[in-house]
Structures are given as C-alpha cells and as structure tokens.
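Here is a short briefing on one structure. Keep the sequence and the 3D view open while reading.

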Amino acid sequence: MKYFTQFESKKLADQLIEKALSYKTNPLVDHKKGIGKRIGCIFLNPSLRTRASTQIAALNLGMEPIVMNMDKEGWALEMKEGAVMNKGTVEHIKDAAAVLGSYFDILAIRAFPSLTNKQEDIEDFTFNQFIKYSGVPVISLESAIRHPLQSLADMVTIHEHTREIKKPKVVLTWAPHIKAIPHAVANSFAEWTLGCEHDLTITHPVGYELDPMFTKGAHIELDQKKALEDADFVYVKNWSAFNDYGKIVTTDSSWMLTEKHFKHAKNAKVMHCLPVRRNVELSDEILDGKRSLVQEQANNRIYAAQSVISHILG
Ligand SMILES: NCCC[C@H](NC(=O)CCC(=O)O)C(=O)O
Ligand SMILES: NC(=O)OP(=O)(O)O
C-alpha cells in the first residue's frame with residue numbers, strides 16, 4: 001500500500017482493523033519497525049486528534065514524526081499550474097511537495113475543501129497535488145472529501161462493540177451547526193460502513209443529500225425518528241449542502257440528539273468524530289452519558305494511524 005486515502009477493500013479494512021486492535025493491546029510491539037524513518041505531517045487546517053494521534057502512532061513504531069502547520073507557519077502555497085505568482089502566494093505546490101518528498105519517507109496531509117469551488121473540492125485537488133509532486137507514500141489526514149483515518153478508528157470502535165450483534169444497524173444523522181462544515185467525515189463514514197458490510201441508514205433534512213458516490217447502498221430515511229428506531233450505533237455529524245454547494249439550508253435544532261430521541265433505540269451507542277459543538281450538535285446529557293463512544297473513538301485514532309503507517313512501512 002502506497003497511499004491511504006480511501007476505502008479500498010473489505011479484506012484490507014479487516015486487516016487494518018485487526019492490526020489496530022493488536023496495537024491497542026501492545027502498542028510497542030513493533031517499536032523498532034520505523035527506526036531511521038521520518039513521517040512529515042502537513043496541516044493546512046487546524047487539528048487536535050489527528051495531529052497528536054498520528055505523532056504518537058509514528059513514535060510507537062520508532063519513527064520520527066515532524067509536524068508542519070503550513071497554514072500558519074509555512075509559505076503561502078500556489079496550486080495553479082502556470083500561475084504568474086505576482087500576488088499573495090510565495091511557493092508553488094510542485095516545488096514544496098517535491099522538497100517534502102525528499103525529506104520524508106511518508107507524507108501525511110490535511111487539506112480541507114474550500115466549500116466554494118465544488119469541482120476542485122470533489123477532485124480533491126489540493127490533496128492530489130501533494131500526491132502528484134511528492135513521489136512518496138501519502139496518508140490522508142482529512143482531505144476535501146474523505147477522512148479515512150477517522151473512519152478506520154470508527155470501524156475499530158464499532159467492531160469492539162459488536163461482539164454480540166450479528167449485523168448492527170448503523171445510522172448516520174445530520175446535526176445542526178452554526179457554520180458550513182465539510183462532507184469528508186460523513187462521506188468516509190458512509191464509504192467505510194458500507195464497505196465493511198454494515199447496515200447503514202442516513203437521515204438528514206431535505207437539501208442535505210450527500211454525494212451519491214458515497215451513499216450508494218445506504219437506506220435514506222428523511223424522518224429522523226423512524227431512522228433511529230432500533231439503531232445500534234448513531235453517528236452524529238453536521239455537513240453543509242452538497243447540491244447547493246457549501247450552503248447552510250437549515251439549522252433546525254430539533255435535529256440535535258437528546259435522550260428523548262432514543263425512546264425506540266434504548267441500547268444505541270452514539271458516535272461523533274469530535275470536535276463537537278455541545279448543545280448544538282449533541283446534548284451534554286448524551287455526550288456525558290453511557291451511550292457516548294466519542295472518547296473511545298478518539299483513543300482508537302492512535303491505533304488506526306499506527307496500523308496504517310505500519311502497513312505502509314511493510
Ligand atoms: N477533523 C474532524 C472534523 C473537522 C471539521 N470540523 C470543523 O471544521 C468544526 C469547526 C467548528 O466547529 O467551528 C469537519 O467537521 O469536517
Ligand atoms: N476527529 C478529528 O479529525 O479531529 P481533529 O480535527 O482535531 O484532528
């Protein structure tokens with residue numbers, strides 16, 4: 001595996017989940033595997049979990065992580081081919097990515113969408129420029145359209161809680177937010193959940209249909225109450241409109257999950273990738289209660305990243 005950017009196959013997902021679980025039991029079992037190697041973690045956007053968990057994962061493998069917050073500390077990057085760089089951008093991506101490729105054995109990139117240029121976002125333009133020009137293995141730390149390390153950690157978390165349930169009912173529900181938020185987490189969660197052959201229902205207000213490329217095979221139920229019936233796992237996430245690209249269509253607070261939404265899903269567990277806007281996306285009672293798996297998901301980010309880096313190291 002040279003690139004970790006999306007769901008590839010159930011076989012690979014199962015291998016990565018199993019490896020992540022074994023690293024969770026014994027994080028330092030491969031502590032010499034990455035000695036003498038470096039991973040460059042390039043952030044064009046903020047992060048707490050992805051930044052720290054990827055560094056810990058690399059360190060557990062004996063690898064040296066170097067983090068660059070390019071949005072704040074790097075030169076302003078030009079992305080356009082043939083650009084006359086007489087304005088704000090200082091360095092072309094083709095020069096920067098080639099240099100980074102020569103410094104690191106693996107590059108890991110976070111590049112959020114603009115939410116204004118739909119075509120560039122769905123092509124994952126910025127992220128793919130790093131792949132094109134760096135020449136080394138690349139891991140997605142969340143691109144414009146996918147967040148595969150998050151989804152792998154989510155699959156590990158679901159796996160850990162599915163011992164007695166044959167085919168869990170997984171629900172992805174839209175939640176309100178004050179800002180226009182990317183589709184990456186929701187897209188990837190749908191892609192991995194369906195790829196791992198779980199039963200997925202997606203619920204959202206009209207106007208929040210996701211890119212069908214990611215939701216083919218999911219049940220779409222626009223009535224949140226119906227969608228939640230008998231759910232085993234409820235993944236809560238805001239995203240902006242995909243059709244009316246990047247727009248906020250509604251902020252209807254009745255979509256925020258509270259305990260009363262679980263009348264017909266008594267044992268449902270609640271998931272969220274974090275960061276979460278408390279009492280906007282999810283109520284305190286849910287986040288601080290027994291249903292919440294959010295801290296487990298965040299903890300599993302370490303072992304998901306470790307599993308992926310280890311797989312790339314070979
Ligand atoms: N990496 C995990 C989530 C990142 C991003 N959240 C955000 O931008 C939250 C911003 C805010 O709440 O102001 C998202 O949902 O795609
Ligand atoms: N869940 C997640 O990716 O968190 P960060 O944005 O803090 O990395």
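**Ligand 1**

Around ligand 1 stand E142, K179, I181, P182, A184, V185, C273, P275 and R277. The model is predicted.

- Sorted by class, the shell of ligand 1 holds six nonpolar and three charged residues, with no polar ones.

**Ligand 2**

- The shell of ligand 2 is made up of S47, L48, R49, T50, R51, E142, Q150, C273, L274 and P275.
- Helix 2, residues 49-60, contributes the most to this shell, with three residues.
- By class, four residues around ligand 2 are nonpolar, three are polar and three are charged.
- Ligand 2 lies between domain 1 (3-146 + 300-313) and domain 2 (162-292), because both give residues to its shell.

**Annotated span**

- An unreviewed UniProt entry annotates residues 10-160 as "domain: Aspartate/ornithine carbamoyltransferase carbamoyl-P binding".
- In the model, residues 10-160 are 47% helix and 16% strand.

**Residue E229**

- E229 sits in the loop that runs between helix 10 (224-228) and strand 11 (233-237).
- E229 counts as partly exposed because 15 other C-beta atoms lie within 10 Å; a buried residue would need 20 or more, and an exposed one 12 or fewer.
- Leaving aside residues up to four places away in sequence, E229 touches H264 and A265.
- E229 and H264 are 35 residues apart along the chain, yet their C-alpha atoms are separated by 5.0 Å.

Definitions and conventions
Residues numbered from 1 in each chain as written. Chains lettered and ligands numbered in written order. Predicted model: local features only at pLDDT ≥ 70, side-chain atom pairs only at ≥ 80, totals over all residues. Near = placed C-beta within 6 Å. Nonpolar A, V, L, I, M, F, W, Y, C, P; charged D, E, K, R; others polar. Helix = DSSP H or I, 4+ residues; strand = E, 2+ residues; numbered from the N terminus. Contact = placed C-beta atoms within 7 Å. UniProt positions renumbered as here; feature names shortened; annotations may be inferred. Domains from an automatic or database assignment.
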